[in-house]
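Let's take a walk through this protein, one piece at a time.

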Amino acid sequence: MTTLDILPEVTCPPTDLWSDEPPLESDLHLQQITILIGCLERLWQQRTNYYASGNLTIYYNEEQLKKRDFCGPDFFVVLDTERHPRKSWVVWGEGGKYPNVIVEILSPSTANIDRNKKKNLYQNTFRTPNYFWFDPESLELQGFRLIAGQYQAIAANENGYLWSEQLELYLGIFERKLRYFTPTGELVLTAAEAELQERQAKEQAILEKEQAILEKEKLAQKLRELGIDPETI
């Protein structure tokens with residue numbers, strides 16, 4: 001009998017787990033999560049090495065499963081991973097990877113948990129490099145960067161934006177929503193905003209072309225009144 005023959009059976013925890021999160025608390029939460037996911041997907045549409053989701057359970061140990069003590073950030077991003085749909089984020093099935101960035105959307109019922117219990121979890125267990133919270137009512141925005149194992153507050157720039165070195169983007173407030181801004185401070189557009197901007201640019205180009213034609217016709221008419229053939233100029 002070999003050593004392998006007498007080893008006890010090894011059982012591994014499941015990796016194909018459904019998310020077990022409660023419904024979102026308000027339309028503001030849904031709108032905000034949709035914006036964060038949608039804008040990043042549009043900006044990073046050529047990338048396949050990240051995963052972004054929201055209100056999705058993160059499973060990180062067996063004890064958590066037994067106690068049904070589930071944790072689902074409102075929004076999170078994992079870098080250097082495969083981009084494909086998932087039922088949940090199961091850390092032991094993802095090579096031990098935890099989120100690089102987490103955003104919690106505050107509400108009266110969750111604000112204390114997000115500021116304390118979850119902050120400690122993300123700092124001490126997840127070791128998430130960037131943690132942000134945002135209150136869609138009061139517009140409170142706070143960000144933290146993990147330095148030597150402890151969260152340190154991220155200082156805002158002159159526009160009030162907070163830098164995420166993980167995303168290489170700023171997070172800031174625009175029209176009462178948490179949005180991304182490029183390193184040069186440009187707003188990262190939603191698909192709808194980009195479509196509107198493109199349509200307005202085309203309309204402006206058509207208007208300028210029509211205006212140029214009109215001005216040319218006016219000039220030609222003036223020359224004719226002076227007895228000059230515009231075609232000879």
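This is a predicted model: local features need pLDDT of at least 70, side-chain atom pairs count only at pLDDT 80 or more; totals for chains, interfaces and linings use all residues.

Start with an open sheet of three strands, in the order 9-10-11 and with antiparallel pairing. Strand 9 (162-164) and strand 11 (177-181) sit at the edges, each pairing on one side only. On average, neighbouring strands here are turned by 35 degrees against each other, ignoring direction. If you want to look at the pairing in detail, strand 9 meets strand 10 (residues 169-174) in the antiparallel sense over three bridges. Tryptophan 163 stands opposite tyrosine 170 in strand 10. As a reminder, strands of a sheet pair through backbone hydrogen bonds, either parallel or antiparallel.

Glutamine 32 is found in helix 2, and it counts as buried because its relative accessibility is 1%. What does glutamine 32 contact, leaving aside its neighbours within four places in sequence? The partners are Ile105, Phe134, Lys177 and Leu178.

Next, move to helix 5 (residues 117-126), whose buried residues are Lys118, Lys119, Leu121, Tyr122, Gln123 and Phe126. An α-helix has 3.6 residues a turn, so residues three or four places apart point the same way. The buried residues of helix 5 pack against quite a list of elements, including strand 5 (101-105), helix 4 (111-115), strand 6 (130-134) and strand 7 (141-147).

Most residues other than glycine have a negative phi. Arginine 127 sits in the loop between helix 5 and strand 6, and at 39% relative accessibility it counts as partly exposed. Aspartate 80 also has a positive phi, near 55 degrees. That aspartate 80 is in the loop between strand 3 (75-79) and strand 4 (89-90), and it counts as exposed because its relative accessibility is 56%.

How many salt bridges does a search of the whole structure find? There are five; let's go through some of them. Glutamate 140 forms one with arginine 115, the closest N and O atoms being 2.7 Å apart. Glutamate 140 lies in the loop between strand 6 and strand 7 and arginine 115 in helix 4, so this pair ties together parts that are 25 residues apart in sequence. Both ends are partly exposed, with glutamate 140 at 27% and arginine 115 at 29%.

Glutamate 165 pairs with arginine 145 in another salt bridge, with 2.8 Å between the closest N and O atoms. Here the loop between strand 9 and strand 10 holds glutamate 165 while strand 7 holds arginine 145, so the link spans 20 residues in sequence.

Then there's glutamate 193 with arginine 179, where the closest N and O atoms are 2.6 Å apart. Glutamate 193 belongs to helix 6 and arginine 179 to strand 11, so the pair joins parts 14 residues apart in sequence. Glutamate 193 is partly exposed at 23%, whereas arginine 179 is buried at 3%.

Finish on the surface. Leu226, Ile228 and Ile233 form a nonpolar patch there, with about 320 Å² of accessible area together. Leucine 226 is in the segment after helix 6 (191-225), and it counts as exposed because its relative accessibility is 58%.

Notes: Residues are numbered from 1 along each chain as its sequence is written. Side-chain values use heavy atoms; hydrogens and water are left out. Two strands pair if DSSP finds at least two bridges between them. Helices (H or I, at least four residues) and strands (E, at least two) are DSSP runs, numbered from the N terminus. Axes are lines fitted to C-alpha atoms, for helices over the stretch in contact, and angles run from 0 to 180 degrees between N-to-C directions. Buried means under 20% relative accessible area, exposed over 50%, partly exposed in between (1.4 Å probe, protein chains only). Contact means heavy atoms within 4.5 Å. Patches are made of residues with over 30% relative accessible area and no salt bridge: like charges are joined within 9 Å, nonpolar side chains (Val, Leu, Ile, Met, Phe, Trp, Tyr) within 5 Å. Accessible areas come from the Shrake-Rupley method with a 1.4 Å probe; for residues, only the protein chains shown count as cover. A salt bridge is a side-chain nitrogen of Lys or Arg within 4 Å of a carboxyl oxygen of Asp or Glu.
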